[in-house]
Amino acid sequence: NIGSNAMSANTADLTDTSLGVKTVSHVEFVGSQGHIVVVAHDGRCKPLWLVSPDGAVNELCVQPEEGEVDKAWSTLDGRGVVLLCDRRLLLLTVEVPEQPAEQVQAELRPYQLLPEQAVLSSVTCVWRPGVGLHVAYFADEHAAPAPEAPRELPPPARPYTLKYFQPGAGEYSVCTVSEYSESLTLAVTTTRACAAWKTFLNHVPEEAERGEFWAVALPG
């Protein structure tokens, strides 16, 4: 629902049940007029859509070749969205015209390929205008135990490595974390950066969800 209690007829592309249920995985604002980039999937439709303030829904003219979008983040200047497709980070820039009759301009270009060791569910990033893309993620760099090795039950947590990529400085290892860590977030300002995450006590789901929150300072 955008701007009113009535649903626009143009939203049929995302709501018509005859087209199959579409799962909206991400919603990110672009521009200064209240436009929204929606990432939706059902296996048959294109993933990227633009919703205008009056509720009109239009498929964006550019779409990722990789197909599904795993994650999305708005850029700090509000002009675009960073997309994670498989192991590739893409930068989607959207130019929303001031006049509704004018066509929306969009460009999608590859930016960075993550290594195979990257735990994709942990990837987080911040795009700073004029600086570039800051990326943080957990990497599983330790080899799995040999099949003939003795098994320990419950299995001990595997160590992950927190990786951080800074424009102009490259990528480096920050610290070691437990594989029970998740919800990695990244905050970046002009002078400093910080990563935070939570680590559960064990891998068994429990009502208390006991664990700890961690944070580490990074170069800005």
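Author: The structure holds four salt bridges. Such a bridge is a side-chain nitrogen of Lys or Arg within 4 Å of a carboxyl oxygen of Asp or Glu. First, the ground rules. This is a predicted model, where local features need pLDDT of at least 70, side-chain atom pairs count only at pLDDT 80 or more, and totals for chains, interfaces and linings use all residues. Residues are numbered from 1 along each chain as its sequence is written, and side-chain values use heavy atoms, with hydrogens and water left out.

Start with R79 and E95. Their side chains meet in a salt bridge, 2.2 Å from N to O. R79 sits in the loop between strand 5 and strand 6, while E95 belongs to strand 7, so the pair ties together parts 16 residues apart in sequence. Strands here are DSSP runs of E with at least two residues, numbered from the N terminus. How exposed is R79? R79 is partly exposed, with a relative accessible area of 47%. E95 is partly exposed too, at 38%. The cut-offs are these: buried is under 20% relative accessible area, exposed is over 50%, and partly exposed is in between, with a 1.4 Å probe and protein chains only.

Next come R158 and D140. Their closest N and O atoms are 2.7 Å apart. The pair links distant parts of the chain, 18 residues apart. Both R158 and D140 lie in the loop between strand 10 (132-139) and strand 11 (159-166). R158 is partly exposed at 22%, and D140 is partly exposed at 24%.

Then E182 and K198. The side chains meet at 3.8 Å, N to O. E182 is in strand 13 (residues 181-188) and K198 in strand 14 (residues 192-200), so this bridge ties together parts 16 residues apart in sequence. E182 counts as partly exposed at 35%. K198 counts as partly exposed at 24%. Side chains of opposite charge can pair when their charged atoms come close.

E116 lies in the loop between strand 8 and strand 9. E116 is exposed, with a relative accessible area of 68%. The C-alpha atoms of E116 and E141 are 9.4 Å apart, and the two residues are separated by 25 positions along the chain.

Four strands form an open sheet in the order 5-6-7-8, with antiparallel pairing. Which strands are at the edges? Strand 5 (71-74) and strand 8 are, each pairing on one side only. Neighbouring strands of this sheet are turned by 20 degrees against each other on average, direction ignored. The axes are lines fitted to C-alpha atoms, and angles run from 0 to 180 degrees between N-to-C directions. Strand 6 and strand 7 run antiparallel and are joined by six bridges. Pairing of two strands takes at least two DSSP bridges between them. V81 stands opposite L92 in strand 7.

The largest core has 17 residues, and V37, L48, L83 and L92 have the most contacts inside it. Strand 2 (35-41), strand 3 (48-51), strand 6 (80-85) and strand 7 (88-95) are the elements that give two or more residues to this core. A core is a set of buried Ala, Val, Leu, Ile, Met, Phe, Trp, Tyr and Cys residues joined through side-chain atoms within 4.5 Å.

Last, the aromatic rings. Rings of Phe, Tyr and Trp (its six-membered ring) pair if their centres lie within 6.5 Å; planes under 30 degrees apart are stacked, over 60 edge-to-face, the rest tilted. By this rule there are three aromatic pairs. Y111 and W127 are edge-to-face, 5.3 Å centre to centre with 80 degrees between the planes. Y111 is in strand 8 (residues 105-113) and W127 in strand 9 (residues 124-128), 16 residues apart. Y111 is partly exposed at 31%, whereas W127 is buried at 13%. Y164 and Y172 have ring centres 5.8 Å apart and planes at 85 degrees, so they are edge-to-face. Y164 is buried, at 0%. Y172 counts as partly exposed, at 28%.
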